[in-house]
Amino acid sequence: MLSVYTRHYSPCTQADSNHRRCHCPKWINGTLPTGKFVRVSAKTQSWENAERKARIMEVNADPLRQTLPDVSLRITIEEAVRDFLRDEEARQLAKTTTCQSKTLFQKQLLEWAKGESLRGLSMAGKEDEWDSRWSGSRIEGSASGPASGDTLSYPLN
Ligand SMILES: [Zn+2]
């Protein structure tokens with residue numbers, strides 16, 4: 001379990017390492033799921049960001065992570081796909097184009113996502129890979145496939 005604390009520096013007059021609301025550097029220390037002790041700068045002045053970073057570090061270090069894919073993340077991806085398709089329909093594409101696109105897009109994206117075992121999709125730099133896969137998945141033979149620059153946004157949580 002990792003926790004966040006503050007290292008206060010002048011001119012801050014706080015002395016309590018649990019004080020959250022000053023702009024002094026926030027640090028993370030504690031024990032990772034692997035049993036390893038860490039003490040690192042969170043490289044932020046925001047307690048909330050430091051907390052998020054601590055949670056990410058814990059998840060990344062969790063040895064069970066490989067065998068227990070994050071269910072909420074899978075739902076997030078499938079929702080993102082549905083949102084994209086709904087948006088595409090809203091743009092009044094021809095029905096055949098939408099069907100074709102739906103099949104290909106869902107198949108490609110979901111298979112890729114499952115193939116990745118959803119590892120680190122929302123972290124660890126997978127966004128670049130996502131982007132390149134996505135831009136490579138333009139629909140063949142469709143004049144009105146996803147426009148370039150049309151990126152699929154998905155929640156990071
Ligand atoms: Zn302070």
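Visitor: Hi! Which residues of H1 are buried?
Guide: In this predicted model, the buried residues of H1 are Ala 50, Lys 53 and Ala 54.

Visitor: Where do they fall when you look down the axis of H1?
Guide: They fall within an arc of 105 degrees, so they line one face of the helix.

Visitor: OK, what do the buried residues of H1 pack against?
Guide: They pack against S1, S2 and S3. Helix H1, residues 47–61, lies across those strands and runs at about 155 degrees to S1.

Visitor: How many residues does H1 have, and how far does it reach?
Guide: H1 has 15 residues and reaches 21 Å from its first C-alpha to its last. That is close to the 21 Å expected at 1.5 Å a residue.

Visitor: Let's switch to the strands. What order do they have in the sheet?
Guide: The order is S1-S2-S3, in an open sheet with antiparallel pairing.

Visitor: Which strands stand at the edges?
Guide: Strand S1 (2–6) and strand S3 (37–44) do. Each has a single partner strand, so one side of each is left without a neighbour in the sheet.

Visitor: How much are neighbouring strands turned against each other?
Guide: By 25 degrees on average, with direction ignored.

Visitor: How many bridges are there between S1 and S2?
Guide: S1 and S2 pair over five bridges, in the antiparallel sense. One example is Thr 6, whose bridge partner in S2 is Lys 26.

Visitor: And what about S2 and S3?
Guide: Strand S2, residues 26–31, pairs with S3 over six bridges, again antiparallel. Here the bridge partner of Trp 27 is Ser 41 in S3.

Visitor: Now the whole chain. How many helices and strands are there?
Guide: The protein chain has four helices and three strands. From the N terminus on, they run β-β-β-α-α-α-α.

Visitor: What share of the chain's residues count as buried?
Guide: Of its 157 residues, 12% count as buried.

Methods:
Residues are numbered from 1 along each chain as its sequence is written. This is a predicted model: local features need pLDDT of at least 70, side-chain atom pairs count only at pLDDT 80 or more; totals for chains, interfaces and linings use all residues. Helices (H or I, at least four residues) and strands (E, at least two) are DSSP runs, numbered from the N terminus. A residue is buried if 20 or more other C-beta atoms lie within 10 Å of its own, exposed if 12 or fewer, and partly exposed in between; C-beta atoms are placed from the backbone. Two strands pair if DSSP finds at least two bridges between them. Axes are lines fitted to C-alpha atoms, for helices over the stretch in contact, and angles run from 0 to 180 degrees between N-to-C directions. Two residues are in contact if their C-beta atoms, placed from the backbone, lie within 7 Å. The expected span of a helix is 1.5 Å times one less than its number of residues. The arc is that of the directions from the helix axis to the C-beta atoms.
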